[in-house]
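Here is a friendly briefing to read alongside the model. Please keep the viewer open as you go through the points.

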Amino acid sequence: MSYDKIRTLVPPKAWKHIKATWGTVPTYAMRLEKIRQMMTGLFRYERIECHDKYGLEIQQYTELLLQEAIKYGPRHKPTMETVDFYMIEKDLVHKTFKLFVPRFARFEPPYTKIHFIPTQNREIKRVLLELKGNPFPPVEPRPLDRKGSLVNILLAEAKRDYVRQKVKAESAKEESRDAPVEEPVEATQAKETTEAIKEE
Amino acid sequence: MMLSRYRKLELICRKFSKNHVRFLSQPNLAVSADNASSTLGHETSSDSSTKAAITNDTIRARRNALFSAEKTRQIESVRRIEKIEVVYRGQNEAESCTLMMNKHLSTPYDCTLHIKQMIARRSALAVVDGKPWDMHRPLNASCDIQFLHFLEENPYEANMAFWRTGSLLLSYVADRAFRDDFFVQVHSWPYQELQPGSFLCDVGINLPEWTPREEELRAMTLIMTRLIAKKLPIERLEVSADLALKMFEDNQFKKAQIPSIAEKSASKERVTLYRVDDHVEISNGPMIANTGLFGRHQLTAVHPVNYHGVGQLYRFQGVALPAQQPLNYFAWNILQNRGRQFNSSSLSIVTDRKTP
Amino acid sequence: MALSRKFALRMAGVDITRITARKESILASKAAKTVLQKDIKDIEKIPPLRPGSEIPASYKYIYPEFLASTDMVRRNTLCEKLVRLDMLKRRTVLSIPEFYPGSIMAVTISDPNAPNKLSRFVGICICRGGNGLNAFIILRNVVDGLGVEIMYNLYNPTVREIQVLRLERRLDDQLFYLRDCAPEHSTVPFDLDVTPHPTGVAVPLNETVLKLNPHPWKTRWELYHFRGITFDPKELPLGRAKQLEKALQPHEWVKFDIMKKYRNQIVLEDQEEMFKDIYQFNNARLEKRRSRR
């Protein structure tokens with residue numbers, strides 16, 4: 001089966017140190033078992049928190065699984081078997097095909113998002129992995145409109161000034177071209193300003 | 001004489017050092033940063049030479065003493081401590097609280113000390129029952145309170161207060177920068193406009209024709225820098241028109257303005273004063289909490305200006321940004337260059353206009 | 001002494017990466033059959049690499065060295081692009097024909113020590129591998145009773161000519177087991193004439209199944225899914241027969257491990273990108289020939 005490109009980070013090497021329990025040696029079956037468990041959790045709760053390596057690994061598996069499910073649908077036997085394998089709780093198979101596939105048909109891949117969470121210990125990195133379109137409030141706050149901040153107001157005014165000057169310069173050029181007579185425009189403007197000050 | 005780069009730097013450093021009293025190479029400079037190098041406990045230049053010489057320093061000291069006396073008098077006049085309920089509604093349920101504060105004594109800043117250090121440090125302005133309120137102004141009744149800073153979605157009030165405080169700092173600088181030969185009288189500043197790109201202060205100095213040099217502008221900016229580094233609070237006081245006249249008897253402009261200002265107040269005879277360090281000014285609107293909230297700043301230019309019926313004043317212009325909003329040097333240069341241009345706002349006003 | 005399989009292979013001088021470990025032979029796979037077993041009279045009838053792409057699917061088998069390695073650690077798109085351009089430059093000077101493991105080929109190289117400064121070797125192509133300019137073939141022949149295998153890099157500038165004497169496919173894409181088969185299956189006469197392959201006809205599949213010599217073998221051939229060999233499991237040494245069943249059977253969950261499959265392939269999008277250069281090159285050549293007529 002040929003896959004399309006996954007639009008999330010795929011590290012060059014698969015992370016193989018996934019253990020089912022602390023102290024055990026990671027094996028091939030144990031690794032897949034752990035991945036199954038976490039994917040089942042993700043598909044049920046739509047947002048899970050985990051170790052960063054797990055999160056990145058499961059993100060790849062989820063993307064591929066959803067890609068397959070969307071491309072081939074439930075009638076395709078290998079797809080059905082794969083989804084059945086990864087969903088330990090069988091009502092999630094139904095959820096995948098009836099809920100997620102129509103939902104993600106609207107989205108463009110990637111279908112998942114990872115957020116890095118702050119931790120007390122710098123060595124340990126935790127991650128929040130969520131499916132897009134989940135019903136929870138967003139992880140990141142909506143971006144604020146910064147137009148009213150002082151810096152932006154001042155810079156916007158400076159920009160307007162710059163544009164005005166440019167327009168003036170161009171119109172002055174045109175005038176000088178049309179009427180190449182007597183005084184240049186800048187000198188008259190300077191005179192006007194000094195007169196205005198003297199009046200006051 | 002072609003100075004090497006290192007030599008030029010050395011000269012500039014020596015100019016700004018506290019031990020160096022006068023500019024060696026330019027003896028006729030009107031302005032020196034060292035006039036303001038040590039503020040309180042400073043040996044005024046008038047101590048040795050003259051008898052009862054009226055210099056800027058003496059006037060300032062006198063005004064400061066009167067302000068302090070009035071402030072302590074007002075605090076002591078509160079005989080009985082009554083409690084008021086101040087309701088703070090934070091971003092979520094956990095932050096909201098009702099505080100029992102003291103009437104006429106507690107300020108919004110005191111309220112923040114009960115809530116969160118972050119709010120205490122970053123708040124520039126308070127909003128009490130919907131009205132902008134100084135952080136160090138005592139609360140008079142039970143109220144709702146909010147705190148404003150510069151990174152909100154709509155920091156309009158905070159921006160205006162910031163610009164107003166900028167004008168206050170310019171008047172502070174103008175008062176101290178000049179040598180004793182030159183008598184400085186701060187006139188006023190016009191209503192805040194962010195559009196022209198600089199805050200203003202109109203000052204009367206008995207200097208007939210003066211265009212400041214680069215070094216002088218830099219020296220004046222340094223006075224601002226030192227004040228900002230001290231992070232001093234900006235205090236507010238409401239006084240009677242008589243006391244205000246007494247405090248500002250040396251300033252002909254203010255003497256003329258005070259009656260009209262007092263009329264426009266609620267009780268027809270109160271004038272609002274603000275003090276930063278030892279400099280007292282009249283102003284109507286709220287100022288920000290303390291000078292430490294300033295980030296980038298510069299006194300960009302001084303232009304001569306003719307006021308109708310008054311004569312020639314000097315318009316001090318400055319640009320500043322809040323410390324919460326850093327800006328890279330390229331964009332800052334753009335704003336500085338804009339601030340150097342002559343700001344012609346409110347040039348058609350009449351002298352007895354109320355200073356906002 | 002019970003050696004681990006990997007160590008045993010290394011001792012036998014066989015690079016592990018070149019042996020297809022526990023996967024179906026690429027050329028006998030279903031996908032290859034649909035492409036290679038068709039009599040293609042007209043170029044347009046070859047199915048495309050991807051629905052909607054211009055590049056035919058047969059490119060995967062004719063020009064496998066244009067694809068990058070599946071080892072993602074060694075991927076560098078810019079490097080790959082530059083290498084492809086270099087390969088095309090070489091192909092303007094030297095014609096590298098279509099061939100498959102199992103075809104009989106002759107390679108002529110420049111040899112300073114040979115008479116005429118040229119040296120020609122004829123043999124069966126037992127292996128084809130490498131990516132980019134590292135593309136190589138291994139030719140096997142039995143010369144004076146001694147089995148000889150020589151590896152040639154296709155893009156080596158000292159290679160003067162590559163000739164395909166007989167174009168055919170075998171059941172496997174690696175024929176290293178010929179080392180443990182009777183020598184007549186590896187012998188190719190040096191003066192073999194070229195059997196021209198008519199254009200448009202599918203590459204014939206040689207379905208011979210060879211019997212391996214009795215033990216000892218150079219490599220544990222029984223552990224791989226080679227279709228071109230037979231052996232009697234009873235003849236295996238003690239213990240190995242037990243391991244055989246287990247070894248041949250992959251873990252039942254391998255078929256569900258989707259990321260493993262993803263990592264072992266190059267995505268079709270990228271494949272198209274890689275074949276674009278050679279496709280344009282071929283088209284330009286065709287147009288030149290047509291314009292000449």
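Where chain A meets chain B, 16 residues of chain A are in contact with 27 residues of chain B, contact meaning heavy atoms within 4.5 Å. This is a predicted model, in which local features need pLDDT of at least 70 and side-chain atom pairs count only at pLDDT 80 or more, while totals for chains, interfaces and linings use all residues. Residues are numbered from 1 along each chain as its sequence is written, chains are lettered from A and ligands numbered from 1 in the order in which they are written, and side-chain values use heavy atoms, with hydrogens and water left out.

**Chain A with chain B**

- About 1,900 Å² is buried between chain A and chain B, and carbon and sulfur atoms give 61% of that area. Buried area here is the accessible area (1.4 Å probe) that two parts lose on being put together, summed over both.
- Two salt bridges are counted between chain A and chain B; the term stands for a side-chain nitrogen of Lys or Arg within 4 Å of a carboxyl oxygen of Asp or Glu.
- A:Asp161 pairs with B:Arg338 in a salt bridge whose closest N and O atoms are 2.7 Å apart.
- Seven residue pairs, both residues at pLDDT 80 or more, are in polar contact across the interface of chain A and chain B. A polar contact is a pair of N or O atoms within 3.5 Å; within protein, one must be able to donate a hydrogen and the other to accept it, and residues adjacent in sequence count only if both atoms are side-chain atoms.
- Helix 5 (residues 150-178) of chain A gives eight residues, the largest share of the side of chain A that touches chain B. Helices (H or I, at least four residues) and strands (E, at least two) are DSSP runs, numbered from the N terminus.
- That side of chain A divides by class into eight nonpolar, two polar and six charged residues. Ala, Val, Leu, Ile, Met, Phe, Trp, Tyr, Cys and Pro count as nonpolar, Asp, Glu, Lys and Arg as charged, and the others, Gly among them, as polar.

**Chain C with chain A**

- Here 18 residues from chain C and 27 residues from chain A take part in the contact.
- The two chains bury about 2,100 Å² between them, with 63% of it on carbon and sulfur atoms. Of the area that chain C buries against chain A, C:Trp253, C:Phe256 and C:Ile258 supply 31%, more than any other three residues.
- Two salt bridges cross the interface of chain C and chain A; C:Glu269 and A:Arg7 meet in a salt bridge at 3.1 Å, N to O.
- Polar contact joins seven residue pairs between chain C and chain A, both residues at pLDDT 80 or more.
- Helix 6 (258-263) and helix 7 (268-292) of chain C each supply at least two residues of the side of chain C that touches chain A, and helix 6 of chain C gives the largest share, six residues.
- By class, this side of chain C has ten nonpolar, two polar and six charged residues.

**Helix packing in chain A**

- Helix 2 (residues 52-72) and helix 4 (residues 91-106) of chain A have axes that come within 10 Å and cross at roughly 90 degrees. Axes are lines fitted to C-alpha atoms, for helices over the stretch in contact, and angles run from 0 to 180 degrees between N-to-C directions.
- Helix 2 and helix 4 of chain A are therefore roughly perpendicular to each other, a label for angles of 65 to 115 degrees.
- A:Leu66, A:Ala69 and A:Ile70 of helix 2 meet A:Phe97, A:Phe100, A:Val101 and A:Phe104 of helix 4. The residues of this contact are seven nonpolar, no polar and no charged.

**Backbone details**

- Most residues other than glycine have a negative phi, and most peptide bonds are trans.
- The peptide bond from A:Pro109 to A:Pro110 is cis, with omega near 5 degrees; A:Pro110 lies in the loop between helix 4 and strand 2 (112-117) of chain A.
- C:His215 and C:Pro216 are joined by a cis peptide bond with omega about 0 degrees.
- B:Asp129, although not a glycine, has a positive phi of about 50 degrees.

Note on methods: Parallel < 35°, antiparallel > 145°, perpendicular 65-115°, else oblique.
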